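Trainee: Could you walk me through this one slowly? I'm new to it.
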Amino acid sequence: MLNYKKILLINPYIKLDRENPIAILDMAPYFRKCGIEVDVCNFPDLPEFKDYDMIGISCISSEGGYIFEQLKVIREHFRGKKIVIGGKWSTTMTEEEALKLQTLNIEVETGKGELVYTNDKVINFEKYPSWDKNDFEILCANNIMMTSRGCPFHCNFCNNTEEKVSYFTAKRTVDNLELILSKNNDVYFVDDIFVTNYEHAKAIYDECKRRKIKIENHNKFFVHLNTVNDKTIKIIKLFKPKMVNVGIESGNDSMLKKMNKKTSVEKIRKNVKTLSKYTNVHGLWMVGYPYETIDTLKNSWNLMKELAPYIHSNWISHYIPLYATVGYHMAMEEGGKFNQGIDNRHVAYIPKGLTQDILIEYRTKMMQFNNILFKRQNIYKYYFYKIVSKISIGKLRKKVKAKYKTLKSQFSPPPPIKSNILDLIYILRLSCFLNVFYI
Ligand code: B12
Ligand code: SF4
């Protein structure tokens, strides 16, 4: 164990999304419990006090090299001090990046912080302390948190370094959840898979009820399409998430196999439809995994269209070959082209036989399909209210007219009507919904 008395943990600035730095929010109280004094800060708000035994920076990626601009400033601010990089990036950085860090005299630590700086041989999840309110305020945190660590699945593109799933207690989880809900309208459980253990999720729900916290309709989480069963549905019925995220990734069985998704197109179809009966489903897709072809891209596009009535929204990622993952080795073996990928909105790898333009074309088309769907729903709402406002009577007419007026102000000029089978499904779904609503 390294005997530090006072350390500083820095949350670097992430250009694209600024979310809770969970590692820092977790580790700071853990270290304090072990007798280490800890300060936390967001880059660029570095403290005037400089006499720390160690300055730790928690990084997920280099963001295409953007992190180095920050590291230079931190190195300059804390001249002569020990600076250490930890977090997922420490396990995926390239040799070139490691050399750049050496030049800046910044060390890299690939281990779990809790075990590197304390006497603990394993992390005691039963006694893991809750987040500290002061850290939460300083880090301007928002709504993401984890109730567990690790994932039982081992997808080849994923850098999940936790081999085994470990659970925090319901008490700790709900303490953190209360902090989040004091500042946000909802909580987003970013556990790799939230419902891997029914008892765990149920205990969190019960603790919320004991503390009279209204968690229903104020949460969202991830569900694996292999774990859609009675117990998962029970948890969904209890929590009433605004949305569940599911990793679909591809509409082609051989691609799913290459990704080690342990699922199939048939299973995806069936389970997405089941989930859609209980909540909004957000589909996560991936384009450009090694050995992707035009045909496999077409399969994904067709599956997306087929599942449209059951999926609320979609996100499509360009595949990022993360060093140390099986996917990275598959990409090396295939011999496609590596790009400097900043994040999953940019092409980081081009499989053999495909081009950057094809990947961008498919991702754009699939992302836009989302918007078309949303518009389609709104378009039919518009015409539905237009007609109903003319034929209804009494109080209902007043209500419907007001709604039509609002929609009309959003559509100027009126939207065109196109019809196909999907439109018909929407009209039917909308009519059913309105019937239930007004009866
Ligand atoms: C929350 C999250 C985000 C948030 C990050 C918020 C934040 N400020 O931290 C947001 C949405 C911004 C994000 C973005 C991205 N993410 Co992300 N994200 C996650 C997620 C779900 C949780 C991360 C987390 O906090 N884990 C819990 C903590 C406790 O674990 P940890 O970070 O590993 O920390 C432990 C050790 O690493 C170590 N440690 C951590 N910091 C330090 C510091 C020191 C000094 C030391 C010694 C040790 C140490 O100790 C910790 C405790 O044991 C993970 C999935 C996962 N299971 O981890 C993906 C994950 C980390 N993300 C990933 C990816 C690919 C990305 C993006 C590239 C995606 C994109 N948008 O294109 C970007 C990159 C952003 C960036 N520039 O850094 C990948 C892998 C990245 C990698 N390098 O391997 C992961 C693993 C998802 C996956 N399944 O593959 N992400
Ligand atoms: S299910 Fe999600 S977190 Fe688990 S290995 Fe696959 S991509 Fe990673």
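Trainee: Where is Gln70 found?
Mentor: Gln70 is found in helix α2, residues 66-77, where helices (H or I, at least four residues) and strands (E, at least two) are DSSP runs numbered from the N terminus. Bear in mind that this is a predicted model, in which local features need pLDDT of at least 70, side-chain atom pairs count only at pLDDT 80 or more, and totals for chains, interfaces and linings use all residues. Residues are numbered from 1 along each chain as its sequence is written, while chains are lettered from A and ligands numbered from 1 in the order in which they are written.

Trainee: Okay, and why does Gln70 count as partly exposed?
Mentor: Because Gln70 has 17 C-beta neighbours inside 10 Å; a residue is buried if 20 or more other C-beta atoms, placed from the backbone, lie within 10 Å of its own, exposed if 12 or fewer, and partly exposed in between.

Trainee: What is Gln70 in contact with, leaving aside its neighbours within four places in sequence?
Mentor: Gln70 then touches Pro12, Tyr13 and Phe43, contact meaning that the two C-beta atoms, placed from the backbone, lie within 7 Å. From C-alpha to C-alpha, Gln70 and Phe43 are 7.6 Å apart in space, although 27 residues separate them in sequence.

Trainee: Staying with Phe43, is the peptide bond from Phe43 to Pro44 cis or trans?
Mentor: That bond from Phe43 to Pro44 is cis, with omega near 5°, and Pro44 lies in the loop between β2 (37-42) and β3 (54-58).

Trainee: New topic: which residues come nearest to ligand 1?
Mentor: Ile22, Gly56, Ile60, Gly86 and Asp343 come nearest, out of 37 residues around ligand 1, and a residue is near a molecule if its C-beta atom, placed from the backbone, lies within 6 Å of it. The elements giving two or more residues to this shell are α1 (22-33), β3, β4 (83-86), α3 (89-92) and α5 (113-116), and α1 gives the most, with 4 residues.

Trainee: So why does ligand 1 lie between the two domains?
Mentor: Because domain 1 (6-116) and domain 2 (142-354) both give residues to the shell around ligand 1; the domain bounds come from an automatic or database domain assignment.

Trainee: And what surrounds ligand 2?
Mentor: Ligand 2 is surrounded by Cys151, Phe153, His154, Cys155, Cys158, Asn160, Asp192, Ile193, His224 and Gly247.
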